[in-house]
Amino acid sequence: MEIIHLSAECYPIAKVGGLGDVVGALPKYQNKLGHFAKVVMPAYNTKFMQENEFEEVYNSWGNLGERAFHVRIKKEVTNKLGFDLFIVHIDGLMDRDLVYGYPDDTERFLAYQIGVLDWINQWEHRPDVIHCHDHHTGLVPFMTANCEKYKSLNQIRTILTIHNAQYQGQFGWDKLHYLPAFDLWKAGLLGWKTAINPLASAIKCAWRVTTVSPSYLDEISHSANGLEGLLASERGKSAGILNGIDNEVWNAANDPMIDKCYTVRTVDNGKKANKEALCSVFNLDPTKPLFTFIGRLVGEKGADLLPDIFHNALAHSHGNINILVLGSGDPVVEARLSELNNWFQGNYNTYIGYNEKLSHQIYAGADFLLMPSRVEPCGLNQMYALRYGTVPIVRRIGGLRDTVVDIGDGGFGICHDQTSVWDVGHAIGRAYDLYQDKKRIKKIRKDMMQLDHSWDKAAQQYIDLYQM
Ligand code: ADP
């Protein structure tokens with residue numbers, strides 16, 4: 001089967017969060033199953049683009065209404081990622097340092113989608129499936145089904161995977177003319193409430209819809225930033241497929257980014273060495289349990305509560321715990337988290353920013369990883385933590401509910417029901433008690449590291465879905 005993944009992110013080319021990790025791994029595992037999966041993504045000004053060799057496969061002009069844009073599509077020549085990678089250059093629109101966050105993101109991602117369809121439209125054969133990830137690629141199912149110029153593409157099966165329904169990419173009807181011509185009676189398929197809504201349009205038009213965990217599929221029928229009714233009505237063509245993790249990238253036994261590699265057998269010494277290295281860089285005490293948070297500092301992750309949670313935990317523990325935060329996002333949360341450095345020197349530290357290598361070092365060196373999320377479509381951090389023998393402390397929501405079992409139920413994590421200062425504080429207390437029980441935590445670490453969250457199973461589930 002030939003599958004084209006369309007996505008704004010793909011690790012290691014450009015990653016903002018879990019979407020990048022998924023698109024950087026799933027195609028590789030689909031290819032291992034004997035299929036032919038490739039990724040077609042925008043070309044930003046990232047290091048990967050500068051350091052690797054590409055050959056041009058397409059050079060043409062596209063249109064956003066009256067505005068013409070120059071498109072060049074290039075293929076990475078060595079196939080080093082385990083799948084064919086195509087990057088879409090659009091001068092003046094995609095050639096930026098960041099993936100998102102520009103006032104013209106609507107134009108940027110529309111031009112990318114139109115550029116890609118123009119290219120596929122002139123292929124001599126047709127791929128079997130176009131797999132769209134999130135709203136940045138959400139108008140593809142509508143365009144292949146309805147735009148006059150793409151009518152030869154209308155039998156290609158389209159799949160939408162919702163990685164996060166909070167972000168929908170809405171824009172005004174005044175920009176309708178950006179789309180290639182179609183029968184205006186079909187315009188209703190583009191909209192939701194008062195705007196054009198790419199995510200809603202993809203939910204309506206894709207042949208199948210998936211979410212990145214089964215629990216998230218249940219939850220979005222009653223909480224999806226306004227799309228609840230639509231998702232409930234399209235439930236019949238929807239499925240929840242739990243994300244996997246790339247066991248080759250996330251492997252403590254040969255991870256080049258960590259200080260000391262370790263296996264299930266050597267986890268205690270390995271963790272100790274990584275923790276000591278981390279604590280010496282961040283001025284923490286390696287003899288005390290190390291709690292960490294890694295992620296976007298936004299309300300969805302419960303980040304606004306972290307300053308109070310950490311303040312209480314550090315004040316009540318009288319210097320008996322360490323906390324290390326890696327993240328960026330809301331400037332107010334960033335400032336409040338940094339401020340705690342002054343109060344709890346020697347037990348607390350922050351790294352505000354994005355740092356892939358440090359994230360690996362933290363998964364390897366920490367004892368506990370906190371995820372007090374309000375919304376968590378799947379969550380990958382807890383699976384990385386499990387793989388590196390770090391006990392996850394999670395709110396029971398979305399993919400966290402599907403992957404973490406509480407120690408009280410014979411499991412390997414610590415769960416709480418609410419995103420509140422009190423609930424998380426109580427969970428930290430339980431973790432502290434677990435840390436004192438050396439025999440138990442050592443056994444839990446070994447058990448966690450042997451759980452299998454690799455992509456093998458999910459890659460096959462997607463293939464089964466395409467075959468349907
Ligand atoms: P989301 O996609 O909602 O941000 P996920 O848990 O699905 O959350 O994926 C987050 C991914 O991004 C993980 O690979 C995590 O390690 C990584 N990550 C998040 N913030 C940072 C950061 N500041 N530095 C390095 N990696 C980060």
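Which element gives the most to the lining of the largest cavity? That turns out to be α12, with three residues; helices here are DSSP runs (H or I, at least four residues) and strands are too (E, at least two), numbered from the N terminus. The model is predicted, so local features need pLDDT of at least 70 and side-chain atom pairs pLDDT 80 or more, while totals for chains, interfaces and linings use all residues. Residues are numbered from 1 along each chain as its sequence is written, and side-chain values use heavy atoms, with hydrogens and water left out.

Now for the ligand. Its shell holds 20 residues, and the closest are Lys-15, Gly-18, Asp-21, Arg-296 and Lys-301; a residue is near if one of its heavy atoms lies within 4 Å. For Tyr-363, a polar side-chain atom sits 2.9 Å from an oxygen atom of the ligand. Taken alone, the ligand exposes 570 Å², and the protein buries 93% of that (Shrake-Rupley areas, 1.4 Å probe). Elements giving two or more residues to this shell include α1 (18-32), β12 (290-297) and α12 (381-387).

Back to the cavity, meaning a set of points on a 1 Å grid over the protein atoms alone where a 1.4 Å probe fits but cannot get out, with lining residues having an atom within 4 Å of a point. About 40 Å³ of space lies in the largest cavity; its volume is the space filled by probe spheres set on the points. Among the residues lining this cavity are Met-383, Leu-386 and Arg-387.

Conventions:
A polar contact is a pair of N or O atoms within 3.5 Å; within protein, one must be able to donate a hydrogen and the other to accept it, and residues adjacent in sequence count only if both atoms are side-chain atoms. On a 1 Å grid over the protein atoms alone, a cavity is a set of points where a 1.4 Å probe fits but cannot get out, and a pocket is an open set with protein on both sides within 12 Å along at least five of seven lines; lining residues have an atom within 4 Å of a point.
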